[in-house]
Amino acid sequence: MSAFPVRLAARPTAAGLAPAASRTPAAARHRGATTAPGRRAPGATAAALLIAAAASGISGPSLALPTAAHALHVPTASAAWLMTAYGLGLLAGTPLLAGTAGRRGPAALVRAGAALVALGAAIVLASPSALLPLAAGRAVEAAGAAGLTVAAFRIAGRDRSGRSTGLVAIGNAAGGTLGLFVGAGAAQLLGWRAALVMPLLALAVLPAVLRPAGQAGQTGQAGQAGQAGQTGRPRPGAPDGRFRDALPLGLLRRAGFRRPALLMLALATVNFALVYGAPRRVTALTGWGPLPTGAAVASVALAGALLSWQLVRLAPALGTGRVRVLLAAGSAAAATAAAFAPWPPVVLLGSALSSLVTAGGQGVLTGSAVGGLAPERQGGAIGLFNLAFPAGVAAGPVLAGFADQTVQFLY
């Protein structure tokens, strides 16, 4: 049985007939919350571009950190807090925005996220050359990017086959990879601060994403209203359950949610350990400089992210158990290859494989985690599930550093 149950879309109502509400049961009226089998959710491509721009902030400053450290008169290790602050902002912003603006629908979430991105960028650009205010601005940017990320997955989530969420996950991985080069180019042309405000690129996508975001919000509100009409009172997750929606931690007691979330955390942690560790390993084996090494690692990671689309397509036929085994085995193989292989091509292959299973896993596991939940609960569930990604952003480099200092896997 497929891990991604598909709900049929509502049939169109002919013009001039009585309103559908007078002739169909409430359950039938709510089918517009999902799309027909084989079709992507409306706005999925725009959502993928939105999340790619938001994700570019993760890696954008990487190659500009030495220049930033020199300008701030701090060691490069201290300047790395500009990266850490972004991960912490993602981690805090995901539940905050999902539980506040998120309950009003994806469109409100997009607007709130864009506003925070703009505010954080303004802080970065206007701040003096001091680490603390710059890191604070990066954290605000990241909180906004987290809201855009959750909104993108909520737009794509109407496609229960997992294909639209897979496309959005690929956009996430591609943005995080390409941000390395776009940030380096921006720093060279406009100065190192430009590399710190890469999420501003998301503002260019707003016109294309707001309309489908509004449509996604309308279907969710219709489902919630219908449930209230049947029972005479709002379901949990309606306005009376706002606090519960803000942090839907009760989902962690649900094995169908907890297992894919923990697997996603493991995949993301390994992936971001390799994002930081694999380039050092390649440099040690080849003697290449930062730019050739970064180009090689980012290229194979992007290739892996793009190939993950095939995994997303095959996932419904493979089923839940097989998909999870493939993801876990692929991540373990990637870590082993990158850590132990004495040949640079094998280390690069490990990076590509990790990118593939992380991007593919984010797409297919999102659908698995929210499967079986009522429509009005899915937004909060997606928000909580996506905490696994920024947690991996924060934990991965720590894991790589621990391995470097104690076991000498990465050097």
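The legends below describe close-up views of a predicted model.

Residues are numbered from 1 along each chain as its sequence is written. In this predicted model, local features need pLDDT of at least 70 and side-chain atom pairs count only at pLDDT 80 or more, while totals for chains, interfaces and linings use all residues; side-chain values use heavy atoms, with hydrogens and water left out.

**View 1. The whole chain.** The secondary structure comes to 16 helices and 0 strands (DSSP runs, H or I of at least four residues for helices and E of at least two for strands, numbered from the N terminus). Of the 411 residues, 53% count as buried (under 20% relative accessible area, with a 1.4 Å probe and protein chains only). Among contacts (heavy atoms within 4.5 Å) between residues at least 6 apart in sequence, 81% join residues at least 24 apart.

**View 2. Helices α5 and α7.** Helix α5 (residues 81-99) packs on helix α7 (residues 131-156) at an angle of about 40°, and their axes are 6 Å apart (lines fitted to C-alpha atoms over the stretch in contact, with angles from 0 to 180 degrees between N-to-C directions). The crossing of α5 over α7 is right-handed (the near helix is turned clockwise from the far one by less than a right angle). The residues of this contact divide into 17 nonpolar, 5 polar and 2 charged (Ala, Val, Leu, Ile, Met, Phe, Trp, Tyr, Cys and Pro are nonpolar, Asp, Glu, Lys and Arg charged, and the others, Gly among them, polar).

**View 3. Helices α8 and α14.** The axes of helix α8 (residues 163-190) and helix α14 (residues 344-370) cross at roughly 150° and come within 8 Å. α8 passes α14 in a right-handed crossing. On the α8 side the contact is made by T165, G166, A169, N172 and A173, and on the α14 side by A359, Q362, G363 and T366. By class, this contact has 3 nonpolar, 6 polar and no charged residues.

**View 4. R281 in helix α11.** R281 lies in helix α11 (residues 255-286). R281 counts as buried, at 2% relative accessibility. Its side chain reaches the backbone oxygen of A338 at 3.2 Å.

**View 5. F257 in helix α11.** F257 is found in helix α11 and, at 1% relative accessibility, counts as buried. Not counting residues up to four places away in sequence, F257 touches L251, L252, A369, A381, L384 and F385. F257 and V370 are 113 residues apart in sequence, with their C-alpha atoms 6.7 Å apart in space.

Methods
Buried < 20%, exposed > 50% of the residue type's maximum accessible area, 1.4 Å probe, protein only. Polar contact = N/O pair within 3.5 Å; in protein donor to acceptor, adjacent residues only side chain to side chain.
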